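Dear colleague,

Please find below the structure that I am handing over to you. My notes on what was found in it follow directly after.

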Amino acid sequence: MSLPALVDPADELTIDEVRRYSRHLIIPDVGMTGQKRLKNAKVLVIGAGGLGSPALLYLAAAGVGTLGIAEFDEVDESNLQRQIIHTQSDIGRSKAVSAKESVLEANPYVNVVLHEERLDNDNVLQVFEGYDLIVDGTDNFATRYMVNDAAYFLKIPYVWGSIYRFDGQASVFWPHSGPDAPCYRCLYPEPPPPGMVPSCAEGGVLGVLCASIGSIQVNEAIKVLTGIGDPAVGKLVIYDALELEWRKLKVRKDPSCALCGDNPTVTGLIDYDAFCGAISDEAADAAVGSTISVTQLEHMLKERDEGTRDFVLVDVREPNEYEINQIPGSVLIPKGDFLNGSALEQLPSDKQIVMHCKSGVRSAETLAIVKGAGYTDAVHVGGGIVAWVNQIDPSQPAY
Ligand SMILES: [Zn+2]
């Protein structure tokens, strides 16, 4: 179903702009009017990361007049495998500033607005206000639900995308465009259970997948802004890079949706961290009083070497993570083996169990399982191997 153009055309294009956008202007569906709509458009991109990088560059090149960039992070070397808006010389610099410079190199006629703050309930409505459309490139569930709800309250359409390893998804959420148009909560009413979803850093992503999904997001943004084609409102686009397969599923509006349904229960911004829970209640309970620091672990390992203490240090990450770095003297038993119960057979019953993962979330989950199995003196390492590399052994690579 086609929808009316979201943005009115600007008064005119300059001679330079006509030259620059000539390959758009000679497409009848876009034409002078469509390009003037893009010039008048104000688009906010959340995150100048994997999805935000290609999205910002193509939105800029396409001639979107005002581009907002909401990003608070700094460029890290591990970003460069996919976040192509940043380069080697940007490492350690503000991502927002780095992205702005690249956007202006791509197209100096773009007005760039930076929002260098972490989006939260206190600022999100203020940041969104005044934009015609939002492109969501966030990588965590708490922010995703907040973006969905804030966009709904402000009646702003947004283009959502997500990436994981070789799989990508995208859709346009614009519940105010029609009675059947769903929101993100209609598709995913509940966030996945805590501990079940690895973060992007833990899960990994094929760099080029960001370009596939980011360009789909820009494609949909241009269609919504200019009113051409059939935007993915009420449709979920699924991409499998390994099979090279695109699928399109229908997403129905859920009449019982907590946000956009007939009897909404979410009528204002909620506590999204609590809603999405980075860590389960069981894991949080297990970790209380049973969390050691990496400094304590270093001391314990020294005592173990001297023969005055004995314990088993279990790394609950995945084998491919263990290949990157290890805490010396650890044994690898991935979290999945704790979930299916097979790990417990491998643990000695007469020794203390010390567990660690990358950052301390997965090890808290496994701690709950091990304590439940009777290892009452089990502990886990707060901050995981990230803290170990930062504070104890910087010679090891981080990831
Ligand atoms: Zn909904």
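Predicted model: local features only at pLDDT ≥ 70, side-chain atom pairs only at ≥ 80, totals over all residues.

A network of salt bridges links Asp 90, Arg 93 and Glu 101; a salt bridge here is a side-chain nitrogen of Lys or Arg within 4 Å of a carboxyl oxygen of Asp or Glu.

Residues are numbered from 1 along each chain as its sequence is written, and side-chain values use heavy atoms, with hydrogens and water left out.

The whole structure contains 11 salt bridges. One of them joins Arg 19 to Asp 16, at 2.4 Å from N to O. Both residues belong to helix 1 (residues 15–20), where they are 3 residues apart, about one turn of the helix. Helices (H or I, at least four residues) and strands (E, at least two) are DSSP runs, numbered from the N terminus. Arg 19 is exposed at 57% relative accessibility, whereas Asp 16 is partly exposed at 35%. A further salt bridge pairs Asp 315 with Arg 317, with 2.8 Å between the closest N and O atoms; both of these residues are buried.

Helix 7 (residues 141–154) has 14 residues and should span 20 Å at 1.5 Å a residue, which agrees with the 20 Å between its end C-alpha atoms. The expected span is 1.5 Å times one less than the number of residues. Among the buried residues are Arg 144, Tyr 145, Asn 148 and Asp 149.

Two residues deserve a note on backbone geometry. Most residues other than glycine have a negative phi. Lys 155, however, has a positive phi near 60°; Lys 155 sits in the loop between helix 7 and strand 5 (158–164) and is exposed at 55% relative accessible area. Leu 244 also has a positive phi, of about 50°. Leu 244 is in the loop between strand 7 (235–240) and strand 8 (245–250), and at 64% relative accessibility it is exposed.

The surface carries a negative patch formed by Asp 73, Glu 74, Asp 76 and Glu 77. Patches are made of residues with over 30% relative accessible area and no salt bridge, with like charges joined within 9 Å and nonpolar side chains (Val, Leu, Ile, Met, Phe, Trp, Tyr) within 5 Å. Asp and Glu count as negative, and Lys and Arg as positive, with His and the chain ends not counted. Glu 77 lies in the loop between strand 2 (66–70) and helix 5 (95–106) and is exposed at 57%.

A nonpolar surface patch consists of Phe 166, Leu 206, Val 208 and Leu 242, which together have about 370 Å² of accessible area. Leu 206 is partly exposed at 35%.

With kind regards

How values were computed: Areas by Shrake-Rupley, 256 points an atom, 1.4 Å probe, with all protein chains shown as cover. Charge placed at Lys NZ, Arg CZ, Asp CG, Glu CD. Buried < 20%, exposed > 50% of the residue type's maximum accessible area, 1.4 Å probe, protein only.
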